[in-house]
Amino acid sequence: MVIDIILNGLAASGTYALLAVGFALIFSVARILNMAHTAFYMIAAFLFYITISFFKFGYIASSVVAIVLTVLVGVICYKLFFERVKEHEQTVMIISVALAMVVQEIFSLQFGGTYRGVDPIIVGFCEIGETRISYQHIFAIISIAVILIATWVWLSNTRIGNAIRAVAQDAEIANVMGINDRHMCVLVMTLSVFLAAVAGVLMAPIGMVHPHMWTQPIVVVLAAVILGGLGSIGGSLVGAVILGYVETIVAFLLPGGSFLGPSVALMIMVLVLMIRPEGLFGVFFEEERL
Amino acid sequence: MISYMQIGYGWIRQEIFAQPARIIALIFFVLLLTAPLLTQDKQYLTILTMTTIFAIFAMSWDLISGVTGQLSLGHGLFFGVAAYVAALLNLNLGWQPWLTIPLGAIVSSMFGLVFAIPALRLRGIYLALVTLTFPLIMSGIILVFPDFTGGELGLYGIQQLSQSQNISYYIVVLVFCVSAFIMYKLSDTESKFIRTGIILNAIREDEIAARTSGINTIRYKIMAFVISGFFAGVAGGLYCHYIRLAGPSNLEMFFSFQVVLWTIFGSIATIYGAVVGVFILYPLTELLSLFEFGDKIRFLAFGVVLIITLLFMPEGIGIWIRDKIELECPRCKLTNGFYRKKCRACRAVLSPERN
């Protein structure tokens, strides 16, 4: 039971962490509240499903195709829709919701509302104590960890990573220092869609692929980002881990827990915000303080 | 007698016929009141009634999120809770709609108090996301007690608003007119009798400045939440008695977003914008669903129309139209029709572009 909870929680929180970090990045750098973020996760999962089931590509080839195409779609969406109305924060949010809806409708037109699964790529499982865990889960957990660490190292140690963090702190001053903040926004959009796409490709063989798979993660991701504090990437990671584990524990221990999982996770977020309005690791920007 | 009529006619000419936006509003209300004369088709009347109910809901969202600036993404909570309360009272105690709808609205205005608690500490995006979670928490609770709340199917077999289609329609339209009047007056900055409009707008623009000018912003924020919750509850009660169903679909995230989409499409922070948005977008999606092909693409069409409109009119369609048909006199701030070269009161030259 305990090992069950630990491993399942690790898989759930890993996916949420990948999504939450991307969401927090694009919000803190470009000030875009991208509600379509998990729609990109869904696009990647669907493209992966299509390439692997219809075109019979290999695992590596289809994941590369899915990720590259999703990143392209993301950047095109950014250029076409978000960049033009970036000044109106609410309009950006509404456009991203509408975009996610359009993506959802296109997929349900083509594939219907049925739940589809992708066959596991790495077959087999190992036993820890009395718990079975498939190699697919282990592979997903390890690759999520590798990608998160790589992103962290890249952001904190390279020249471009420094530039991105500078834009996140203060776009105008960064611009004065010679950083092209518009280019940085496009770059961060690429990175954030890339992270979402990786999450989609890794989750497709474990979970289900269906046109409504974006709604539940976006709520948890929003909650995680808020819980950790907007503008803090490490915070959003911690928030995602907390919420992922809470959801898993509730689902395992309470009767009717699968209904209550998101509710309890969200209640914890609300309670934390009541006590600490800026989130666990958040800092208030001067103009946003009450 | 005749002189009174002349004064009355003069007033109407000054206040309505000289301002194109008000002519449109007048035509709109006349059409709304005479709609059953124009068509007796059940489908169209149902669509129109639902549109009117959702217009009340959208206006209540606009009052709190547009005018007062407390962005709420969980407005479906008020709607859903009122629908459930009205349905439970009607089914278990057998009370009539005229009693259950106000009681449901009162319960949902209590929930407005709950919403106001985070609003006292949080603002902007943080508040939006906390409010987003409330209906989701509520729907989790509802699904856990299926015996009492009907679970995923919801409650059905609720008493109809009235036996006749036309009387139901007129009840809804009457409630719409009254609540539109109240909410418009509450948000009207130029009103000479009520100060709320200017205070709520001040809270949106700069809460600290409002507080330094001696306004008890906490009291007004709570008041705005309670009033907004009340009208959303009225809409929810009417809805559950009209379609005779109260289900968890009203607590879904999409339902709360829908009202935001309608209002921002129509123009935020202008009460009438909410009405414009609902009366364009809701019939569009519903009329599409009458056709076999259209039913599949209706949400696609909804999203595409929304994206394209907002790309070219970022402030929404209501303000865009108002700017096209009305000019504000630079000297005396009176509104004039777009066809005028000089102001109708002070003869100042009107420049074609607004600042």
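**Helix crossing, chain contact and domains in a predicted model**

Me: How many residues of domain 1 of chain B are in contact with domain 2 of chain B?
Reply: This is a predicted model. In chain B, 4 residues of domain 2 take part in the contact. On the domain 1 side, α12 (253-266) and α13 (272-288) of chain B each supply at least two residues. By class, that side has 4 polar, 5 nonpolar and no charged residues. The number in domain 1 of chain B is 9 residues.

Me: What distance separates the centres of the two domains of chain B?
Reply: Domain 1 of chain B covers 33-279, and domain 2 covers 316-355. Their centres are taken over C-alpha atoms. The separation is 33 Å.

Me: Which element gives the most residues to the side of chain A that touches chain B?
Reply: Here 37 residues of chain A are in contact with 35 residues of chain B. Elements giving two or more residues to the chain A side are α4 (89-111), α9 and α11 (257-275) of chain A. The top contribution is 12 residues, and it comes from α4(A).

Me: Which class does the angle put α2(A) in, relative to α9(A)?
Reply: The axes of α2 (residues 37-53) and α9 (residues 215-228) of chain A come within 9 Å and cross at roughly 140°. Roughly antiparallel would need an angle over 145 degrees. α2(A) is therefore classed as oblique.

Me: Which residues of α9(A) does α2(A) meet?
Reply: α2(A) passes α9(A) in a right-handed crossing. From α2(A) come His37(A), Thr38(A) and Tyr41(A). In α9(A) they meet Pro217(A), Ile218(A) and Val221(A).

Methods:
Residues are numbered from 1 along each chain as its sequence is written. Chains are lettered from A and ligands numbered from 1 in the order in which they are written. This is a predicted model: local features need pLDDT of at least 70, side-chain atom pairs count only at pLDDT 80 or more; totals for chains, interfaces and linings use all residues. Axes are lines fitted to C-alpha atoms, for helices over the stretch in contact, and angles run from 0 to 180 degrees between N-to-C directions. Helices (H or I, at least four residues) and strands (E, at least two) are DSSP runs, numbered from the N terminus. Angles under 35 degrees count as roughly parallel, over 145 as roughly antiparallel, 65 to 115 as roughly perpendicular and the rest as oblique. A crossing is left-handed if the near helix is turned anticlockwise from the far one by less than a right angle, and right-handed if clockwise. Two residues are in contact if their C-beta atoms, placed from the backbone, lie within 7 Å. Domain bounds come from an automatic or database domain assignment. Ala, Val, Leu, Ile, Met, Phe, Trp, Tyr, Cys and Pro count as nonpolar, Asp, Glu, Lys and Arg as charged, and the others, Gly among them, as polar.
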